[in-house]
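Here are a few exercises to work through with the model open beside you. Try each task before reading its solution.

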Amino acid sequence: MGFLRTLQEKRFFLFWLFCGGCVLGVALTVFTVQAVEWTGDDKFCGMCHIMTPELDAYHLDKHGGHNRTGVKAECVDCHLPHDNIVHYFVEKTLLGIEDVYGNTMKNPRKFDWEMNRREAKDYVFDSGCLRCHTNLKDATQSNMKAFLPHRDYFAKLTKKHCVECHLDEVGHQNLGIHLRKFLKDDYKPSVRALISTSQK
Amino acid sequence: MRVSLARFLAFVLCLGWLSAHPPKGGTSIDNAMDTQLPLKTFRGMKAEAKGCIECHAKKNPGIVADWRMSQHAHAGVSCIDCHGVTKDSPMLTMDGHEGSKVPISVLVSTNTCAKCHEKEVTEFRHSGHVRGAVQIWAKANMRDLMVMVEGRNHPDLKHAPAATGCQQCHGSIIQLNKNHRPTPETWPTYGIGTAFPDGSVGNCASCHSAHKFSLEEARKPAACASCHLGPDHPDIEIYNNSMHGHVFNAEGAKWNFNSAPGTWKVPDFRAPTCATCHMSGNAKSAVTHNVSRRLKWNLFMPLSKLRTGGYETASDDFKYENKITIGNPLAGNPKGPEAARAEMKAGCVDCHNKQHVDNFFVMADKNIMLYNEYYQEAVKMRDELAKKHLLGKDMWSDDFQNTMYHMWHHEGRRMRQGGIMGAPDYSHWHGVFEVQQDIRKLRKIYAKRLKTNQIED
């Protein structure tokens, strides 16, 4: 019975320890949420210089606030999953590590950015798109252009991701031009563009 | 009041006089053009889209007329939905024009079509049609034929044969010049395997001609006939020679070619068209845009092999690997040649009994195997001659090689394709009869060369 006895003797200490833990927990939670908030927008992501073209293209895009209302989709709204909070945190951590590693240990100017762009479905998440464009699944034939192209998607007859169709028109307006301007000699045009502009 | 009444009467009289005495000088057609009102669109379209339509209705009324008759127009799909691109797109050909700020491309790739018609484009990508353009540039002997032999390697004129010939059916690898305009060597083309600067391959407009994209048109044999004709694969002639073609030609005009996709079946028609057997849904197999899927044999190659290659690969090689490859000539049904045949037969039994169908294919298969016997004999002779250096360097002026080429590429294809598609004249007189004549000629040349140990002049 020594345990119960100790519990009884030190109950005030334990009470205050519990209270302290609660306060600390709340503080940490608030701080985490705030940190997530701080590290999710274009100001934070744009701190890495290499993100300049993406940032410029984003600010000229509808999703970057260049629209009638000025509402913005922040980086993480598209580039992190929003299906559940665990998935979100795991992806955020992995992405954070990857970005820090890439920016410090590698030379990001040498990346094939156009090729990375073509793989957008790996880092643009449908759950992000659908969090805002939630009405799309209820489109009817009264809005044919919303209804017809997305009918198979919501009926799960296709495995395509949103960005596979909307790649060039979403998020970063004319990103290729900004990449070319920023990277200059390091810019690798998309392989297709090479073929199409060479004379033979 | 009286004045206006008088005016009205005068107007009516004028009208009567005008209709009785059409104005002289200039035909009525001229007058019709003079008074034609420009097209106005009053639909829920954006101003830019309306701008395209109304301006092009004046400049290229044919394009807009086609679009007006299309399902796209009904669904509100406008010019920009297909032709609009971003300014950094490798497809960009016009950085806005004539007051419009919308960047566009005159090229519309299958990537664009796939935004709404994904299933069709994916199936198409798995079919042999896709390798049309890349394969002719992947093969050294094909490039030689187009540029060196036919084009005489002329510094200025050498690409004319490909641009006016090969690529019109096969498609081209479209290239843009420094001003982002498509080059005359590679565009325009309606070729089926057109490879686009965005990496996609294929051309829906080959069969569903732009800008109407008619379902009806693609279901009629004419859609296939502009390419599948002539001495090497007279498929439209074969169809016309067959009982199926006979029935279509007699009464096809009265059939219903407009059922919804996947529902087009007997009795919409009384005999199949090309599309019915190779693509359309029937009692047992689903509709597909993979035209190779129901084929058991490869009938265009020198030696007919079973199609065991699965799906076509040329499109993926081009898109993801940036490679121009010969593709997969044995592409067919991923479940194998017997599954392919079963899917083909599934269409036949909508109209024929099983015995009829089975018997037909037994003999058609034997006809193909018989051709292989002829070809293998020719190969044996050719290899022997090659070993003894008795083959001419220029195959096109060497009697043996030239005859052998015609034997498989012309006569041999007619024999095989005529047999499997029920065209007796092509299977026999243009086919096996010519093939046996060729083999006799080859034997003669072979014997002579071996005897004299030299190539005759």
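## Exercise 1: A glycine and its surroundings

At 14% relative accessibility, G419(B) counts as buried, because the cut-off for buried is under 20%. Keep in mind throughout that this is a predicted model.

**Task.** Work out where G419(B) sits and which residues it touches, leaving out those up to four places away in sequence.

**Solution.** 

- Step 1: Find the element. G419(B) belongs to helix α20 of chain B, which covers residues 399–420.
- Step 2: List the contacts. Leaving out residues up to four places away in sequence, G419(B) touches F360(B), A364(B), N367(B), R414(B) and S427(B).
- Step 3: Compare sequence with space. V432(B) is 13 residues from G419(B) in sequence, and their C-alpha atoms are 9.7 Å apart.

## Exercise 2: Two helices side by side

**Task.** Decide how α19(B) and α20(B) are oriented to each other: roughly parallel or roughly antiparallel?

**Solution.** 

- Step 1: Recall what is needed. Two packed helices are described by the angle and the distance between their axes.
- Step 2: Read off both values. The axes of α19(B), residues 354–387, and α20(B) come within 9 Å and cross at roughly 175°.
- Step 3: Apply the cut-off. Angles over 145 degrees count as roughly antiparallel, and α19(B) and α20(B) are therefore roughly antiparallel to each other.
- Step 4: Sort the residues of this contact. The contact of α19(B) with α20(B) has 18 nonpolar, three polar and three charged residues.

## Exercise 3: Backbone exceptions

**Task.** Look up two cis peptide bonds and two non-glycine residues with a positive phi, and place each one.

**Solution.** 

- Step 1: Most residues other than glycine have a negative phi, and most peptide bonds are trans.
- Step 2: The peptide bond from A210(B) to H211(B) is cis, with omega near 0°, and H211(B) lies in the loop between α11 (160–170) and α12 (215–219) of chain B.
- Step 3: The bond from V266(B) to P267(B) is cis, with omega near 5°; P267(B) is in the loop between α15 (243–251) and α16 (274–278) of chain B.
- Step 4: Turn to K156(A). Its phi is positive, about 60°, and its place is the loop between α9 (144–154) and α10 (162–166) of chain A. With 73% relative accessibility, K156(A) counts as exposed.
- Step 5: Finish with N453(B). This residue has a positive phi of about 55° and is found in the segment after α21 (424–452) of chain B. N453(B) counts as exposed at 53% relative accessibility, because the cut-off for exposed is over 50%.

## Exercise 4: Where the chains meet

**Task.** Describe the contact between chain B and chain A by its residues, buried area and salt bridges.

**Solution.** 

- Step 1: Count residues. Chain B gives 26 residues to the contact and chain A gives 25 residues.
- Step 2: Give the area. The two chains bury about 2,200 Å² between them, with 51% of it on carbon and sulfur atoms.
- Step 3: Count salt bridges. There are three between chain B and chain A.
- Step 4: Look at a salt bridge involving K145(A). K145(A) pairs with D81(B), and the closest N and O atoms are 2.9 Å apart.

## Exercise 5: Chain B as a whole

**Task.** Summarise the make-up of chain B: how many helices and strands are there?

**Solution.** 

- Step 1: Chain B has 21 helices and zero strands.
- Step 2: Its C-alpha trace spans about 110 × 55 × 50 Å along the principal axes.
- Step 3: Of the 457 residues in chain B, 43% are buried.

Definitions and conventions:
Residues numbered from 1 in each chain as written. Chains lettered and ligands numbered in written order. Predicted model: local features only at pLDDT ≥ 70, side-chain atom pairs only at ≥ 80, totals over all residues. Heavy atoms only, no water. Buried < 20%, exposed > 50% of the residue type's maximum accessible area, 1.4 Å probe, protein only. Contact = heavy atoms within 4.5 Å. Axes fitted to C-alpha atoms, helices over the stretch in contact; angles between N-to-C directions. Parallel < 35°, antiparallel > 145°, perpendicular 65-115°, else oblique. Nonpolar A, V, L, I, M, F, W, Y, C, P; charged D, E, K, R; others polar. Buried area = accessible area lost by both parts, 1.4 Å probe. Salt bridge = Lys/Arg side-chain N within 4 Å of Asp/Glu carboxyl O.
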